[in-house]
Amino acid sequence: MKFLSFPYSGQCLVLSLLLCLVGWISLFSWSVIPISPHDALSALYAMNDDNIAHRIVHDLRLPRAMIGAIVGACLAAAGVVMQGLTQNPLASPSVLGINAGAALGMAIVSTITPWFGLLGTSMAAMVGGGLAWALVMLLGNAWKTGGEHGRLVLAGVAISTLCAALTKAVIIIEEDQASGVLTWLAGSLTDARWQTLDQLWPIALLGLLGTLLISQSLNLLQLGDDNARNLGVSLLWVKLGGSFLVLLLVGSAISAVGAIGFVGLLVPHMARMLCGQDHRKFLPIAMLMGACLVVLSDTISRAIIFPMETPAGAILALIGAPFFIYLVRKRTL
Amino acid sequence: MTRFSSYVITCVVLLFSVITQATTVQDSKGTFTIDYQPKRIIVLEFSFADALAAVNVSPIGIADDKDPTRVLKDVRDIIGDWTSVGTRSQPSLEVIASLKPDLIIADIARHEAVYKDLQKIAPTLILPSRRETYEGSLKAAGIIGKVVGKDSAMQTRLQKHKTIMMELAKQLPHNAEVQFGVARDDALFLHTADSYAGGVIRALGLTNAETGRDDSAYRQTGLEQLVAINPEYLLIGHYVTPSIIDKWQNEPLWSVLKVARNKHLYKVNPNVWSKSRGIVAAERMGQDLIKILNAK
Amino acid sequence: MKQSRPFPTLITGMLILIIANLMFGAVSIPLNEILKGFQQGSDNYFTLHEYRLPRTLLAVLVGAMMALSGALVQGVIRNPLASPDVLGVSHGAGLAAVIYMTYFPASSIDWLPAVALVGGLLAALILWWLCGQSSSAIKLAITGVALAALYASGVDFLMLVKPLEINNALLWLTGSLWGRGWHQLMMILPWLLLIPVAFWLAKSLNLIHLGDDTAMSLGINANKLRLVSLAVAVGLTASCVAVCGPIGFLGLVAPHLTRKLVGGRHQTLLPATMLVGAILLLVADLVARTIDPPIELPAGLMTAIIGAPYFLWLLFRTK
């Protein structure tokens, strides 16, 4: 593993290049209308409005790749913060019930039509996710030091099961909506457009910068709550602020593309393998890796039943779940 | 001697059943025999209600998801009132039993699990509906006609249907490319050439848009794929408004579509085009198409 | 004998509910008609004898078995948040069922219970193979959760790639007693043999609560006990899921509720939890059938809707 021994700046550079490469590939690959690799580039700087390939790259593929990258970065950062805050290697949006809660909120709002105007689906997703997470944290004793890691995960499972059951209830009652909601539940980038990007990036940027700011405090938290307090960390503020950032990041990602799972679980561990335990270092790496991963799985999702699309989240879950098992096996809990 | 007598009895029974004109047809579970004309019929899918309406038979119960308007108005006008027996996916066997039917028509895709229970209530004819094509549904209607003792009426009706469809086809431009889809809040499902709507479109002398790999009757389609399919006419059944099509229309890429350039995007009733899958529905679809294609 | 008082109440409650389940539905049958209904040829023969009676009995058995399975799992894992779900059995069964439904849509649905049963047992074997005998209880549970997540993602993937079968699959995955009759009841009967085994384990389960070492010094092999108890729980869950689909929350809520009523001694807890489980599922199915007739909701839905708020309240109160 030569890559592991690269200096930190080299790793960042290589990952950035990789992201560009993956993004470029996603612009032209697996298209029903032939798009050449060259088209994909020329659409960026010499856009020709009458060329359908250019239009597709510019109007569909480019925002899609960018949203994928941002969402990946958000989810990875959220995973890092959650694992830092709870000091639980399994903490992540999907394991701790945020995804299921958000899905429930969205399913309720989108199938019960009269509510439609009242509360947007993205708002509902955020509220649902936030509530579910708060419940899991309370049930799992996450704020107490030395709380059992297993308890938190089991609380997450219980709440996820509850939310999933209720989501299914809503879907079954409104049978006509079923497949649409399911696609959304799995998380798909199919309908990611410039408008989505406009709504996504300010919040995402805010959240990502915020996580970089608290990364030093996260480092100190790893020494244990008491030590951190002695070193001048305000536990309450870090934990509250961290939770708020997580909600911001996950909420904006979910409202943009649906409940994509497992990025937050998978990526922090990969990043940690690369560059050690320092949050200041591996947070940016995790963001880059998350971005690559989501863009890549979005590309794969178009290939699987070409010319149709599978939601990218379904692909990620298939990659992420075995890794989850691996993680459980490796770690001493 | 006992063996001989049993032969005799069998022969007599067979003879007797021929005299009372037992009808035997093939359904999805093998042979189905009925030796009387059923009067109290319960149907568990909309297409079967449509078939009964075609020969003026009124079912006493329909699995209508407790929403009578899901049955086509033309069909409702013919069959009058009925009792709802619950959802199509989980019809209430209690209500079915309490109606004391003498024939139940069920869908193999949805009701195979309760076929044995249904048989205990009344003779059950089980036919495909959910995954059925246009040709298949006509065949199913023929079988239903035989079973309810209206074979000749049904054959006449099917013949008339053929004529109507041919008449309609004559008024339609030959080989115009028509694509039907249903739109939800966040997804568009195109009904491909293998679907019921696709079959009707073909029967009317029109062509389906080329949707590529065909292994399913309904296909979720993104804007990118729609641009690639690029049909001449796009007919959309909106399950909710505003649906995803309304969102797409505001996007610059939409203008690339032939449908947008020629203003060939039309709204149709999804209950007629997608849910009903019957003779009456097909004729209504033909009339819709005439209105749309001859509008110029 | 303060602890044994709930039993008469529970049994009476269950009997009343059984009668209520026979009486009410989309069509109500008055009490005096019920006995007549069991004679062949009477008006309500089908509704009562062929439909409501087997369905009610099935609700009793499945409710009891799921609850017992939950009590065993919680006893072994020593965590109140554990449930048969953490073994991945129901998700494994679900994956097998969905594979069967999407890839063999033409084949007979009669095989579905068998396929689901095999899937559930296979999932348990995989868990055992991954964890072996030596893993700690909590690690076993988390591994089960991870496996369940894998199966769930497989189910999602299949349903998204083959959207045509979604509704049937979803319906099955929610767990329902609709359309289940004598045939399904017969399938579940052999598994009742596991119940005496569970009772036989009760005393050792009490000791294991004192900690592995203490149990060991009292002559109990904790690992072996854990293995046997979980195997029984797997058998109970897998057979129920095979017949009715995964009925969620029953295995989680019923033991909790029972612990409130009779305390934590497994000798009383196990039989009491079976009664509570049966009562819960009877109520759920009754509500599912009568809330908006003739529409039938899946019973699994109702157990989640009834069970979840209670469960949350309970957890907050015990903290």
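## Exercises on a predicted helical model

Helix α13 (residues 266-290) of chain C is built from 25 residues and stretches 35 Å between its first and last C-alpha, close to the 36 Å expected at 1.5 Å a residue. Here the expected span is 1.5 Å times one less than the number of residues, and helices (H or I, at least four residues) and strands (E, at least two) are DSSP runs numbered from the N terminus. The model is predicted: local features need pLDDT of at least 70, side-chain atom pairs count only at pLDDT 80 or more, and totals for chains, interfaces and linings use all residues. Residues are numbered from 1 along each chain as its sequence is written, while chains are lettered from A and ligands numbered from 1 in the order in which they are written.

**Exercise 1.** Work out why α13(C) is described as largely enclosed.

*Solution.* Start with the criterion: a residue is buried if 20 or more other C-beta atoms, placed from the backbone, lie within 10 Å of its own, exposed if 12 or fewer, and partly exposed in between. Then count: 21 of the 25 residues of α13(C) are buried, so the rest of the structure largely encloses this helix.

**Exercise 2.** Find where confidence is lowest and highest in chain A.

*Solution.* First take the average: pLDDT (the predictor's confidence in each residue, from 0 to 100) has a mean of 82 in chain A, with 89% of residues at 70 or more. Next, go through the helices: α7 (residues 178-186) of chain A is lowest, at a mean of 69, and α13 (residues 279-303) of chain A is highest, at 91. A caution follows: where pLDDT is low, the predicted coordinates should not be read in detail.

**Exercise 3.** Describe the side of chain C that touches chain A.

*Solution.* Begin with the totals: 38 residues of chain C and 35 residues of chain A take part in the contact. On the chain C side, α6 (137-161), α7 (166-174) and α14 (299-318) each give two or more residues. The most come from α6(C), with 16 residues. By type, that side has 29 nonpolar residues (Ala, Val, Leu, Ile, Met, Phe, Trp, Tyr, Cys and Pro), three charged (Asp, Glu, Lys and Arg) and six polar (the others, Gly among them).

Key: Two residues are in contact if their C-beta atoms, placed from the backbone, lie within 7 Å.
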